[in-house]
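Work through the two exercises below with the model open. Try each task before you read its solution.

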Amino acid sequence: MVKKRIIVTGGLGFIGSNLIDLLLNKKFEVINLDKITYSSNFYNTKEFKKNKKYKFIQCDLNNKNKLEKIFRKFRPSGVFNLAAETHVDRSIDNPKNFIKSNILGVYCLLEVFKKYSKKFNTKLIHISTDEVFGDVLNGRSDENYSYKPSSPYAASKASSDHLVYSYVRTYNIPAIVTNCSNNYGPKQ
């Protein structure tokens, strides 16, 4: 029997924690990987703490060795990548953190996933943002819009999207990119 085990990166954030709630309610086992930064909040996952199908592991995606050990140990059937430095204003003040997390971290995740996905039947869903499309003056953007990021945050997310697309094309990994707009909800 195939385990319904999912890795969620960035699961201490409000979007990731809501995703974890959904997955647990659908009877998945969830491994929450989070670096623990300014936007991480253990309050968001306090209701899962005693759930036997939930496990938290502090992990920076730039730690490739730790990622490899996690993938080997848990053998997930899917990965949701929500880990990212966020907020445009913060990226203007200090773009380096965004480049390190959103580009180099995704690169490390892709390298581990590439190796792992060849051995096991697994999929990657990379959560991005509509910010990669830049300013949309009329109507709304869709996945056919050109990338025109207008902040270091958006540029770092666009770069990570391009990395994912390149790994899909070059290495034939099973992955998709989603470009959400502003999200609102519980735990925000």
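Two strands pair if DSSP finds at least two bridges between them. Helices (H or I, at least four residues) and strands (E, at least two) are DSSP runs, numbered from the N terminus. The model is predicted: local features need pLDDT of at least 70, side-chain atom pairs count only at pLDDT 80 or more, and totals for chains, interfaces and linings use all residues. Residues are numbered from 1 along each chain as its sequence is written, and side-chain values use heavy atoms, with hydrogens and water left out.

**Exercise 1.** Find the strands that pair with β2, and state their sense.

*Solution.* 
- Step 1. Start with β1 (residues 5-9): five bridges link β1 to β2, in the parallel sense. R5 faces E29 across this pair.
- Step 2. Turn to β3 (residues 54-58): β3 and β2 run parallel, joined by five bridges. Here L33 stands opposite I57.
- Step 3. Check burial (under 20% relative accessible area, 1.4 Å probe, protein chains only). Five of the six residues of β2 (residues 29-34) are buried, so β2 is largely enclosed by the rest of the structure.

**Exercise 2.** Describe the surroundings of T122.

*Solution.* 
- Step 1. Locate T122: the loop between α4 (95-119) and β5 (123-129) holds it.
- Step 2. T122 has 1% relative accessibility, so T122 counts as buried.
- Step 3. List contacts (heavy atoms within 4.5 Å). Beyond neighbours within four places in sequence, T122 touches P76, S77, G78, F113, Y116, S117 and P174.

Note on methods:
Buried < 20%, exposed > 50% of the residue type's maximum accessible area, 1.4 Å probe, protein only.
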